[in-house]
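User: I'd like to go through this model with you before I plan anything around it. Can we take it one question at a time?

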Amino acid sequence: MSSLIELREIFFQECEEQLEDLTDGLNALDAAPEDADPDQINSMFRAVHSIKGGAASFSLDAIAEFAHEYEAILDELRSGKLVITREILAVFYRAADHLADLISCGAAGTDPDPDALTRQISEIESLSGTGLKPAQTDDFLAAFVPLAMGAEGPAPADVGMKIPHFDITFAPTAELYANGHEPAHLFRELESFGPLKVNVELDINAAWDQSDPAVTWHLNLATDRPENEIREIFEFAEPYANFQILCSQRANPVLPHPMAAADDMAAVETVADTDQLGSGETESPIVILPNQTSKPHAPRKSTVRVDLDQVDELINLVGELVITQSVMSQSLTEHSGVVSRKVAATLDDFKSLTRTIQEGIMAIRAQSVKPLFQRMARIVRETAQVAGKEVRFNVEGEDTEVDRIMIERLVDSLTHILRNAVDHGVETGPHRVQAGKEEAGSITLSAAHRSGRVVIEVTDDGAGVRRDKVLASAIAKGLIPKTAQLSDGEIDRLLFMPGFSTVEAVTNLSGRGVGMDVVNSEIRRLGGRVAIISSPGEGTTISISLPLTLAVLDGMIVDVGDESLVVPISTIVETIRPDASKIHQIGPSSRMIAARDMMVPIIELGQVFGYEGRSAPPNGHILIVVEDEKGEHFALAVDQIRDQRQVVIKSLESNYGHVPFVAAATILGDGQIALIIDLDEITHGISSTTSASGTHKRAYA
Amino acid sequence: MSFEERRKSLKKIEFITFSIGAQDFCMDIILVREIRGWTKVTTLPHSPSDVLGVMNLRGAVVPIVDLSARLGLGRYESTDRDVIIITLIGDQTVGFVVTAVSDIVGLVHDDVQPMPNMGGGSENMFVKGIVTKNNKTLRVLDINNIAATMAEAREIA
């Protein structure tokens, strides 16, 4: 309550300032009516408009109505429909004075003179050159919807306004009485709103032995209270009764809805609206009444805003707790021999508790990409509309959880990529039909966890990267020498070069100088990478691979040399202890293994990571057959498999930077750090040197 | 302590002194977060030769730099008595391996003399100045510069 009074006070204070602006503007016009400064008129318009908006919020209808008329005429002045003359200026001054009067009346809580109001309004209206109200669409602030904030006290709300009547039909059922409701109480409460007429209709054909009451009440209530307040009275009775409210005989609304023309149509529409609103709860969300205890609102989900650093700190500490716990149980079993049953049980409890805490805290940080994807859907719709293309938008893997920070920072990049896909990727309808495709283009946004990273892909079924155009454009811009011989993948990668834009005309949607290079650098800043895969005529996939800084990963812990490495379980197909006869030496350094009738190249992890020399004898190797993101199989040679467990992913990027072939790090039970391998980077390094072929090329930018 | 003395002492910058092999150095203590004993580090593949690896510092992965190699004093030979100085440079936590940490000294700005030009070595790039204190010659290290060049080296690697 007090805050509402405060707001009202602030409103009246602001009105003083607005009136001052208005008078200043009038004075300036008075001084030089011939060359009126448009800014001056604009500021006058804004002043009156603010008064109108504020007054409508506080149900100061007289002020709002008058300000509305004033604003309309100022708008004509602004648009040049009205030419300023001495006479008009005089009316303006009078109107400004009247507005000031109305405001002081409102502030004092007294009723203004209704006759003066009508007189002033008609005087202003007579100024309007066309006699019609100007179109409201060009009103830059027209979108506001007046929101009644409690018609309290003797506010001049009902000046010149007939009180609306509500026709209420109320037919109770037997349950109403069974639940202890008494219609008479409800009607009595209604009566507190205003004069109430009650008629009752008895169904004379009703059977005597039927328990349902054969009665229908017809109520007519004259009140200025909004409909939802009436509904509130019947809130608990409504489920047990046939209940209808019709607003009838509503007077011409004194405050025309700004979006509707102030004619009779508005009244009809308002009535229709209230009918449709049904429960009417949304009509006026803030209703504070002096004589009624405020009703409890629907339970809202309460949230707390927490600094992310604090969450990170907690995650780190819980990680340490988990490690300490495992060290503790390890040393207990080591040193005291047989641990008593009680100690073992307590340790188990402790273990599960720490795990629960860890999961809980992880969940705070991770967030599904669903809201992000929904936001993107809207961007695609809007872009497609502007571009005049028909685009179907599909979403996959909405439930993939990604670090909250990632989601926030992905918005701009994804927006850009999707706009590009709609604007440049998907062809126009006729072109698509010509190419033998469906008329509507298709864009798919997908997210998935892949080998310890999150991969977000935008796939369109458009024309693909027009490599000849890209190449020509890059040469024309001097980005590459004329004689350059580039592979398809390298040409695609040119899209990520700073200062590159293929489309000749800068469109409204994309290509405003900010290009894919910005996307690329932003993704890299997140520790990710962008790849583009394109086939001419078939479409383009832009794939963003992001590290999962704080997610948990199922990993297999393996020993290579003196170090432990973590291989993501999701990539592992099988593990084999190979027969020496199955290993074939191919070339000077590469070996292959025949696994399930397939020749799989062997990758020595120790060699990749530079741990060789400290390595165990090569025959003792265990091979882990893995599948990379392209579906190719490789066998990783490791010395020993130690364990399989969930590991907490720790970023290497935050304190150090990107390490080749390493996705992230984790801390093992003994407190040691183990590196999580980035399989795709390793296999990419292998395959790019051996079998880089086909049009579907991958280029890391 | 008189007011004058106190005011004078406030102007002092505290430096932590440490040794690498037989040579003495010091650095601004404001950068130092903590000092830890040597623990085994996890080697990073394809890292610059002076990055020994990463260690676990209460859940954070912290790179450990061989300060001796960084300063061009030869590669570090690990012993159990080595000490790691954990520093916070910008928003990155970095650990430096040194042989021993000896003291904390308060120095006023005038105590630090510019390093005489003795012919370039990578060592001198990272030395801000020189201090003579208690018959010892301390070189003041510019840790920020060390970290910056480390980042560069990483980019190349």
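User: What percentage of the 701 residues in chain A is buried?
Analyst: Quick housekeeping: this is a predicted model, where local features need pLDDT of at least 70, side-chain atom pairs count only at pLDDT 80 or more, and totals for chains, interfaces and linings use all residues. Residues are numbered from 1 along each chain as its sequence is written, while chains are lettered from A and ligands numbered from 1 in the order in which they are written. A residue is buried if 20 or more other C-beta atoms, placed from the backbone, lie within 10 Å of its own. In chain A, the buried share is 32%.

User: Which element of chain A has the lowest mean pLDDT?
Analyst: pLDDT is the predictor's confidence in each residue, from 0 to 100, and chain A averages 73. Elements are DSSP runs numbered from the N terminus: helices (H or I, at least four residues) and strands (E, at least two). At the top sits strand β22 (residues 673-677) of chain A with 89, while the lowest mean, 34, belongs to strand β23 (residues 699-700) of chain A.

User: Which element gives the largest share of the side of chain A that touches chain B?
Analyst: Contact here puts two C-beta atoms, placed from the backbone, within 7 Å. By that count, 23 residues of chain A meet 20 residues of chain B. Elements giving two or more residues to chain A's side are β21 (662-667), β22 and α10 (308-335) of chain A. The largest share, four residues, comes from α10(A).

Key: Buried ≥ 20, exposed ≤ 12 C-beta atoms within 10 Å, placed from the backbone.
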